[in-house]
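Please open the model in your viewer and keep the sequence panel beside it.

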Amino acid sequence: MNIKTVTFDNECLDDFYKLVSANVLRIRKEKKVSQLKLALAIGHGNATFLGKAELLAENKHFNLEHLYKLSKVFNIDISNLLK
């Protein structure tokens, strides 16, 4: 099997994190769920992390576990967070 050699720079990864964060924020607002309520639903004690991850503040971003839990709480296919 041939695999493609790809160079991953910070800008490429930042764009990906921005896409995911924007989708989480958009879906959360569409569903009219507060940051605190969502944070508690995915197992965080407060909304601080969630707020920072939505804004990519302090280099915080969502990991695979977060995306899985968010998709379950939002009742959506996980791919909706990545499009």
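Helices here are DSSP runs of H or I with at least four residues, strands are runs of E with at least two, and both are numbered from the N terminus. Read in that way along the sequence, the protein follows the pattern α-α-α-α, with 4 helices and 0 strands. This is a predicted model, in which local features need pLDDT of at least 70 and side-chain atom pairs count only at pLDDT 80 or more, while totals for chains, interfaces and linings use all residues. Residues are numbered from 1 along each chain as its sequence is written, and side-chain values use heavy atoms, with hydrogens and water left out.

**The whole chain**

Begin with the complete C-alpha trace, which spans about 45 × 30 × 20 Å along its principal axes. If you then colour by accessibility, 28% of the 83 residues count as buried, where buried means under 20% relative accessible area, exposed means over 50%, and partly exposed lies in between (1.4 Å probe, protein chains only). Turning to contacts (heavy atoms within 4.5 Å), among those between residues at least 6 apart in sequence, 54% join residues at least 24 apart.

Select D9, E11, D14 and D15, which together form a negative surface patch. Such a patch is made of residues with over 30% relative accessible area and no salt bridge, like charges being joined within 9 Å and nonpolar side chains (Val, Leu, Ile, Met, Phe, Trp, Tyr) within 5 Å. Asp and Glu count as negative and Lys and Arg as positive, whereas His and the chain ends are not counted; the place of a charge is taken as NZ of Lys, CZ of Arg, CG of Asp or CD of Glu.

Leaving aside residues up to four places away in sequence, S21 touches A53, E54, L56 and F62.

**The salt bridges**

The structure holds 4 salt bridges, a salt bridge being a side-chain nitrogen of Lys or Arg within 4 Å of a carboxyl oxygen of Asp or Glu. Start with R26 and E30, whose closest N and O atoms are 3.2 Å apart. R26 and E30 are separated by about one helical turn, because they are 4 residues apart in helix α1. R26 counts as partly exposed at 37% relative accessibility, whereas E30, at 53%, counts as exposed.

Now move to R28 and E54, a salt bridge in which the closest N and O atoms are 2.6 Å apart. R28 lies in helix α1 and E54 in helix α3 (residues 48–55), so this pair ties together parts that are 26 residues apart in sequence. Both R28 and E54 are buried, and E54 is also one of the residues touched by S21.

Finish in helix α4 (residues 64–74), where K69 and E65, being 4 residues apart, are separated by about one helical turn. K69 forms a salt bridge with E65, with 2.8 Å between the closest N and O atoms. K69 is partly exposed, with a relative accessible area of 29%, and E65 likewise counts as partly exposed, at 47% relative accessibility.

Note on methods. Accessible areas come from the Shrake-Rupley method with a 1.4 Å probe; for residues, only the protein chains shown count as cover.
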